Amino acid sequence: MSTEPPTFESTNSTVSVTGVIEIVILSSKRGDMSHNSAWTPQEHTGAEGPSRMPSSARQDETTTAPYEPLLLRMKDYWNKRDKQLIKQLLVANLSSLPPAKHHGLVFFMLDRSDNLRTKKADSMGLVILREFDCIVQRNEKEYERIMQTFTDDYKLEVLQLATMAHNNVFTLMCKLYGLDKPGNESLASHINVMLARHQYKEASICATALNLQYLFKLEDIVLPLIFQDKVNLVELYIKPRKEIQKQLVIRLDGYCSRRFDLQSFVDSFNIPGTRLEKLRPKNLSKLIVRLVKMFNLDITLCPNTLQFRELGSIRYLLYKKYIEKSMSHTTWDELITAAVGTDEYLMREVVELLMSYNDASLAAKFAHRFNLPKDSLHPVVLNALKELSLNESKSSVNTEEENWDDAHDGYSEMESKFHQFHFKDDCILTVDNISKLKMCAQTIFQPSNVIGMDMEWKPSLTIKQNASQISVVQLSTANQVFLLDMIALSGNENEQLVGRFFSDFFLNPDVIKLGYGAETDFLMLKKSYPLLQSSIRDRQAFVDLAVVQENAFKMNAGIFQYESDGREKGLSELVLLCFGKPLNKMEQMSNWEIRPLRKAQVQYAALDAYCLIEVYNYLNARLKEVTPGLDLVQLYASSQTKPKTSREKTKKNKKAIRREKQQQKVETFRQGMEQVAKLQRPSISSRDFRVVCDNMLQGLGRYLRACGVDVKILENSDDHDLAAKIAREEHRVILTSGLPFHTLKSHVQEGCCMDVRTDLKAQDQVADVLRYFNVKVTSKDIFSRCQVCNSNKYVAVNQADMKRLWLERKLARASAGTPRDPVSASRPCDAVSPGIGPLSNYSDEEDEFETPDDDVDDDNNEFVYKGPATSKDHSSPSAFPSADDGRGPESEGVHKMYDKDLLRTDLSIDFRNARFSNNTIIQVDNILEGVLNNVQLYYVCSECGKVFWEGGHFQRISEQFGHVISKD
Ligand SMILES: [Zn+2]
């Protein structure tokens with residue numbers, strides 16, 4: 001930061017006209033300031049009456065008069081976008097004053113600068129504050145002392161101004177005026193004013209910044225925000241407060257109770273913008289679980305949530321059993337029993353749900369097992385119960401239970417439907433002690449061995465059963481399968497040896513290891529054996545066949561003999577593609593912690609590892625035929641990503657360098673593969689391209705909408721799994737990343753799920769996505785969809801109609817008595833830079849006065865809208881035309897924003913209520929008077945009512961998308 005000493009002080013004799021003004025200021029200051037209290041807040045004591053506050057300086061022309069020229073000069077520099085001169089001027093003037101008066105002068109300039117209250121990210125106030133921040137940092141102790149002398153009234157006034165500004169100004173003002181320091185309780189009065197106006201969002205941001213959460217009850221801020229589904233604000237608000245986190249989840253859990261009357265509760269609160277559907281137990285319990293995980297709380301604080309989630313998993317299990325028919329009865333029974341536990345309500349629910357699937361006899365069995373009182377049972381269940389006891393006397397129930405599996409999973413049926421391998425008894429060896437582990441090691445660690453690897457653990461359907469550990473690890477050679485009993489092998493005395501075994505296994509470069517979607521396996525293994533972290537990360541000669549499968553598909557070279565009907569997923573699908581039959585997954589979800597394992601479990605576990613070797617051999621042979629020169633290991637490596645940073649190079653050993661070189665080759669290869677994939681994929685117009693975006697990619701989603709893509713974006717409270725459901729039902733491709741990608745991709749067709757790189761900026765992600773799916777974007781597609789609501793229908797409104805709407809709204813507001821924003825209402829024009837309109841709303845500029853995913857459904861425009869950067873030194877790419885002044889809306893590049901097919905003509909305008917005949921409220925409040933006078937034609941989103949117009953900036957923004965617009 002350049003803060004050169006003020007030159008004009010020492011060069012009095014040779015100053016220019018501008019210099020003269022500055023000298024006048026400097027010299028007049030000394031005399032005035034010594035007995036002028038306007039700059040010294042600590043001198044304002046209560047004794048001086050109502051005009052004691054420092055702002056009285058504003059009314060009191062005599063005290064601030066000498067600083068008017070300084071202010072004018074600053075504004076002049078600001079208009080010329082010369083931040084450097086503003087800084088120098090500030091430093092010069094501050095250094096001529098004692099530090100005790102610095103805050104006063106800065107406050108005066110902030111208060112009087114034109115654009116501070118417009119919530120723009122870039123303001124003169126920000127420049128001043130950043131410079132002042134540098135000055136303060138150089139002498140922190142002194143300013144600390146000064147801040148302690150500030151009166152409550154003074155701090156309150158600073159806060160009032162700060163909350164009218166953009167978040168970056170707000171944050172700096174809180175810091176530089178010590179508003180967040182202890183002893184600031186009196187500032188709560190300002191938050192109370194916000195609450196009285198139902199400004200819960202603003203109140204929460206303010207209370208969070210000032211650390212005053214402890215002064216408010218849940219009902220004051222947190223619950224209203226939850227009602228309005230502004231959950232991320234709640235998270236920030238409660239983050240530093242353990243006691244509020246606990247209170248909140250307990251309270252919310254109460255709302256999940258079956259006896260809770262949600263409707264009358266919500267009515268009694270009467271919070272504007274309440275999203276009732278978000279408060280139903282289904283959504284609320286998700287939120288609770290999310291908070292419990294996020295803040296590491298004890299889930300047993302929330303008994304209702306637990307019960308609700310268990311009930312959900314019971315329903316899911318019934319679905320699996322009766323609709324999907326994808327679970328053996330034994331497995332199912334184990335899981336149901338675990339989910340019910342000792343909860344009587346859940347017991348009755350199980351019986352009732354079984355009835356709803358028309359399985360009276362099983363309902364009766366469970367009623368009997370749970371010992372439910374007979375008078376509470378449905379007559380049909382009672383009947384079935386009688387029959388059951390009759391049968392019971394004839395033959396033993398036990399044999400029937402055991403036969404159940406055979407009836408469903410009969411041998412001959414298995415033979416015909418599923419991929420099979422009949423292991424002889426001595427082919428499967430259970431490894432449950434150290435000496436057997438040593439035997440296993442001898443077989444496994446043969447050079448150029450290929451080992452199939454899989455792991456099993458008890459499924460945790462619910463949060464209660466979260467603490468699962470790896471139960472079985474299967475390692476298979478071409479002749480033998482080892483089932484490592486990880487429960488028998490656990491225990492301190494074995495830990496070192498078992499850890500050593502796996503670390504040798506993973507790091508051995510001569511043994512090829514095969515997995516399928518092994519990331520989750522690795523995560524579980526790391527959880528059980530934290531020591532293995534580094535050997536798993538640095539694993540050698542590992543091939544994930546799920547990745548191979550994906551790449552083989554992209555090559556589209558006819559590698560697979562069979563076709564998938566899309567019903568099978570994951571490894572089962574891969575086996576089907578290679579050998580014509582899927583795997584039998586009936587045991588997948590069984591209880592892997594029982595000992596000894598059932599025979600069906602042993603067979604299933606062994607085959608899951610062994611079939612990897614079968615697939616490997618098959619694919620290698622096919623690749624030799626189809627693509628000579630490309631083997632399976634290369635095919636796998638072709639999708640591995642580049643190492644993230646090369647910063648740690650100095651520490652790297654030779655091995656690591658070799659690995660990096662290998663990975664560079666891989667990256668080149670990957671790009672080649674992308675080319676291949678692209679050649680195979682037919683191009684698609686962005687208007688026909690449909691995606692569902694996971695909730696960590698909301699920024700990307702909005703960018704894609706701006707390119708005309710039909711984008712559904714998951715909300716923060718949605719589970720990742722919802723993406724798969726939407727993708728299937730609405731024929732959309734999934735954009736996600738990281739771990740969710742690995743789970744989601746198995747739920748949709750090959751190539752319909754993309755792992756988006758999160759280390760990229762949203763703009764670059766857009767380019768990646770469009771390239772990956774070969775999507776063509778033309779300049780006409782830009783802005784064809786509303787970024788807020790994804791609609792692609794607009795209503796054209798002419799200037800006269802828009803003016804009328806605007807005036808009606810203004811009148812309505814005035815008669816309502818409370819102007820929403822007195823500042824911008826009193827001077828609507830001085831904030832408007834030419835051609836800056838809501839089109840720039842997508843901008844992902846930093847530090848806005850809000851959280852990024854919260855703005856979409858918010859009608860409070862002063863918190864939402866901000867123009868694109870207008871100053872020259874802002875980080876706008878150089879491709880932009882730098883001069884944005886004087887470019888009238890129609891000056892150049894006659895842009896037709898919207899084609900005819902995007903316009904609706906069937907809607908009429910209800911001027912009094914500012915809405916269309918489909919009840920969409922037109923957001924006229926976003927338009928400033930200066931725009932109204934200049935722009936002839938407006939386009940209003942027919943769904944969310946957002947108003948767009950064409951201006952010089954439209955072209956500029958279009959150019960931001962230059963990199964994705966197709967040339968042809
Ligand atoms: Zn819209």
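**Close-up views of a predicted model**

**View 1. Strand E2 and its two partners.** In this predicted model, Ile451 stands opposite Lys513 in strand E5. E2 covers residues 450-457, and seven of its eight residues are buried (under 20% relative accessible area, with exposed meaning over 50% and partly exposed anything in between; 1.4 Å probe, protein chains only). Its pairing with E5 (residues 512-515) is parallel and runs over three bridges; two strands pair if DSSP finds at least two bridges between them. E3 (residues 470-476) also pairs with E2, this time in the antiparallel sense over six bridges. Glu456 has Val472 of E3 as its bridge partner. Strand and helix labels are DSSP runs numbered from the N terminus (strands E, at least two residues; helices H or I, at least four).

View 2. For reference, the ideal angle for four tetrahedral donors is 109.5 degrees. Cys789 is partly exposed at 28% relative accessibility, whereas Cys944 is buried at 17%.

**View 3. Helix H8 and its neighbours.** H8 (residues 124-138) has 15 residues and spans 22 Å from first C-alpha to last, close to the 21 Å expected at 1.5 Å a residue (1.5 Å times one less than the number of residues). Eleven of the 15 are buried, among them Leu126, Ile128, Phe132 and Val136. Those buried residues pack against helices H5 (68-79), H6 (83-95), H7 (102-112), H9 (140-148) and H11 (167-176); contact here means heavy atoms within 4.5 Å.

**Notes for all views.** Residues are numbered from 1 along each chain as its sequence is written, and side-chain values use heavy atoms, leaving out hydrogens and water. Local features need pLDDT of at least 70 and side-chain atom pairs count only at pLDDT 80 or more, while totals for chains, interfaces and linings use all residues.
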